[in-house]
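I opened this one to see what I could look up. My notes go in the order I went.

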Amino acid sequence: MFVENILPYRSRINYYRSQEQALRYDETQSPWHKSLNGTWQFLFLNSPSEIPSAFYEGRYQELSWQQIEVPANWEMVGFGKPIYTNFNYPFPLNVPHVIDENPTGLYYREFTYEEGLGKQTLRFDGVESVFEVWINGRYLGKSQGSRLMSEFDITRSLQVGENQIAMKVSKWSVGSYLEDQDMWWLAGIPRDVTILEEADLFDVKVTPNQKKGTWGIDVALTDIEQDYPLAYQIFFDGTEVLVGSFDRCSVNHVTINQPKLWSDEVPNLYTLVIKVADEVYTAVRFGLRSVALIDNRICLNGELILFNGVNRHEFSPENGRAMTRNEIYQELIAIKKFHINAIRTSHYPDIPYFYDLCDELGFLVIDECDIETHGFSEKDCPAVDPFWRSEFIRRGQRLVHRDFNHPSVIIWSLGNESWFGDNFVAMADAMRAIDPQRLLHYEGDRQVTVTDFYSTMYTSIDDLKKRAVQNKTQPSHVLCEYGHAMGNGPGSLLEYQEVFENFPSVQGGFIWEWKDHGIKVIEDGQTIYKYGGQFEETVHDGDFIIDGLVLPDGMPSPGVLEFAKVIQPIKFYLAGTQLVIDNRYKFRSLKNFTLHWQTVDETGTTTPLQTLALPDVEPQSLQLVTLPLIADSQGYLNVSLICNQADGVFSAGSIFVQDQLVLQKFETVTKTLQKSENDSQLIFTTEDFEVVINKQTGNISQFSKEGQALLQREMNLSLGRKRISNDMFVQPQWDKAYLNELYSYCDSIQMTAEKDCAFVIIKQTLTPPVVGWSLKLQQKIQIDGSGCHIDYKGWFAGDYPSEVPRIGWELPLKAQVTEVSWLGNGPGESYPDSQQAVYFGNYQLKGEEWAFSYIVPQDAGNRTNVKEVKVALKDQSTLKIEGSGFNFNVIPYDATVNGRYKELVNLPELGQVLRVDTKVRGLGSNACGQEPQERYKAHSEDFKGTFKLS
Ligand code: GAL
Ligand code: MG
């Protein structure tokens, strides 16, 4: 019913006359490829029932033909009309019937054939949506699967000299029920038609292979009928690096020394050239790369992947889905220039040339199968109906075979929006049987039954965080669609990116979508781009097809500029008067760039552009750079990296990335800084201060001033406080959530230290015992002669309580507090909803005068809007904390509720705990009245703050 006589599925093989030609990898230049693209005779009918019998009887000359080009979608060249629907089918759901009003094209052409290699294959890269084909009047076969390759053996049908080929193509087919993607319904032959001359090799499949640090490839050869070895060469960068010969045995292993790995950042490609016969070579370009789940995270060459991707439909405003090579090339160059690293081929396999370019330019591809049944209801959808089982499997197999050799393809996708059922299970099994290495994606597999990770679309940032409590057994989460770029938009990309970058289990996503699919029409001399409903469709979905980051002609919209900035692989921060460059690439250094910078003052006046050659910043590392002039400047700092030499798609001299930073007045105290490190600690020492960071927890474990250590234990972010009487109803929820008992794990530490300054980025997970929620924390810590600056941000994850008592840092002190002087609200205590009797000013209190003493001990002593505090300790040491309007408190150890201080409570010689909080919950009257008003609550929302210790 679906296909007849198509050849067994295989990779898309090509043959060349010489080794040089094979290396050029351009099939269009090969004499073993005869293209049948070009002008064909064409007869356009409203229904297959109008097909004249002369056509079936091979009396082609009797028909009155028009002409059409192949490849083309016929609606784009004047035959019939396009229809746009999102998920509705434009025909009744009456499986497996096909309506009779079915635009049908008869195709016919003649061609000469000269004797070739003895075996010929007719290859279709895609016909929409069903076709039958005849050679010299003899029926050859039938196929569907609009975006899949179909091949026929025509060895016995061809004759030397003149030949005829005829095709019948219909817009609607049984297969159309599986092709309900949100796009134009178009038909015809939008992809290449080729006759391949073949020698004795049916298929070559190359699998990169890494074992114990040694790289190589496994080469599987199929169907060599002759019993002779096949000579091969492997080239890298035009140079031969290996020669050898393959046995007839099915899998040959080849070790590759000094391997150059493939990644989206550094797309190193090798070419394997196999000599199949005299003047017959085949070539496979391959990349050495691994794709695997490591602890359930998606990894490329062992490194965590972050998808900064787009969904891309194949669409040209002039040619529909019959995109030309040049159109595809220009589009991929543009995508790469915006630092996009991944493409989902929404929602079908693309034109083969696309994958060659992705291999070459460096993209991570989710290659999606041609299945969408969005207009069905869940109950009777094709995924659960045995009728469709074999076709699901077939489509999956055809995809995996076709694109097997492309290193850029790292994930297969079963399809889009087709619910879930046994047919997907069978399909996934069949795909894994061919390719056990790559990962599987399908958004409809909500429980990750057959796939390798969670995939959702348009999930809110809150929901993303809610489901992101990670332990290593929880699959990763990828947003196969987010950031809907329809019209003006999308917004909030930065907030998504922060979640992606700080939650290792949320591995990025794919913007919906790259380009508007408007159809170009010239009306009254004006170019306009039409969308749904503008072609007299009865069923349509209007402008839902105009939802890309770029206009139909490729013009970038502001949305793509925003996206490019947000995903920029190189970030910049200020560390006082120095610049920190953060190279987020996993595999490439920054040696090709020069830094350009200038300052902009509050009036907009810029200083002359300065340049600085950049040190070779290693992948995944930070680098401090001194910019002499910014010390006394105010306003903004503009920075950009300029390519010294051409860099992938960037030409020499072009801007690679740029940014603007806010300059802050900074007290510069230049003191020599020393850095040391052991297994558990990072230690930074200046003349006056020492900061120790615990590499296991990511917390500052000691802060010493003038040789005196101030902390009894490490500083930590905490949420709990001793119960306030009016918190009596909410407290049980906090207790249940183990709010007072957070354990800290360090996810990553990056560091750069120069002679007078160090800059550290720490990512942490804070998690309670027993229950399923956690906190993600990011600290940027700068240590220099003036002290230790802490800039932190946090996100709640999982099933966390919707509000907390407070959010902030606790600094457990070694010695008793003798006196506190502060600039802030005072002199008495205050809480967000109780601040009328305090006044901003400079105050001073003895340690024992600090907090009001309630009959029933509870949290007390908070000071609001504090900008600076000096704490004098019994051991003569002092500590200064500066910030901008934080909550401050000094509490005895027994007033913290944190289990970890229990044994310190009864040691009176010990100090108290300082709190530097970004949020504190108000008091309310809830013991017998109302909770604090919403605005006085400490909601479990993203939080951030900065303060400095000296
Ligand atoms: C998704 C779908 C896409 C597109 C998008 C809306 O549900 O997968 O194909 O329809 O919504 O523009
Ligand atoms: Mg859909």
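**Ground rules.** This is a predicted model, where local features need pLDDT of at least 70, side-chain atom pairs count only at pLDDT 80 or more, and totals for chains, interfaces and linings use all residues. Residues are numbered from 1 along each chain as its sequence is written, chains are lettered from A and ligands numbered from 1 in the order in which they are written, and side-chain values use heavy atoms, with hydrogens and water left out.

**Metal site.** What holds the magnesium ion (ligand 2)? I found E372 (OE), H374 (ND1) and E417 (OE) coordinating the ion at 2.0 to 2.1 Å. Along the chain these donors are spaced as E-x1-H-x42-E. Donors here are N, O and S atoms within 2.8 Å of the metal (3.2 Å for Na, K and Ca); water is not among the atoms, so sites may look incomplete. I then checked burial: E372 is buried at a relative accessible area of 0%, while H374 is partly exposed at 22%. Buried means under 20% relative accessible area, exposed over 50%, and partly exposed in between (1.4 Å probe, protein chains only).

**Strands around β32.** Helices (H or I, at least four residues) and strands (E, at least two) are DSSP runs, numbered from the N terminus. In β32 (residues 477-484), seven of the eight residues are buried. β32 pairs in parallel with β31 (residues 454-457) over four bridges; pairing takes at least two DSSP bridges between the strands. I see Y454 opposite H477 of β32. Between β31 and β32 the chain passes through helix α7 (residues 461-466), in a right-handed β-α-β crossover. Right-handed means that, with the strands pointing away from the viewer, the path from the first strand over the helix to the second runs clockwise.

β32 also runs parallel to β33 (residues 506-512), again with four bridges, and L479 has G509 as its bridge partner in β33. The link from β32 to β33 goes through helix α8 (residues 493-502), and that crossover is right-handed.

α3 (residues 325-337) has 13 residues, which should span 18 Å at 1.5 Å a residue, and its end C-alpha atoms are 18 Å apart, in agreement. The expected span is 1.5 Å times one less than the number of residues. Its buried residues include E327, I328, L332 and K336. Among what covers the buried residues of α3 are β26 (307-311), β27 (342-344) and α4. H339 follows α3 with a positive phi, near 65°.

N423, F424, A426, M427, A428, A430 and M431 are buried. The cover over them includes α5 (389-403), β29 (409-413) and β30 (439-441).

**Cores.** Which residues touch the most other members of the largest nonpolar core? Y107, L122, M167, L332 and F572 do, out of 123 residues. Such a core is a set of buried Ala, Val, Leu, Ile, Met, Phe, Trp, Tyr and Cys residues joined through side-chain atoms within 4.5 Å. Helix α4 (residues 352-361) gives the most to this core, six residues. A second, separate core has 60 residues, including L673, I693, A737 and L766.

**V580.** Last stop: V580 sits in strand β37 (residues 578-583) and is buried at 0% relative accessible area. T752 is 172 residues from V580 in sequence, yet their C-alpha atoms are 8.2 Å apart.

Conventions
Contact = heavy atoms within 4.5 Å.
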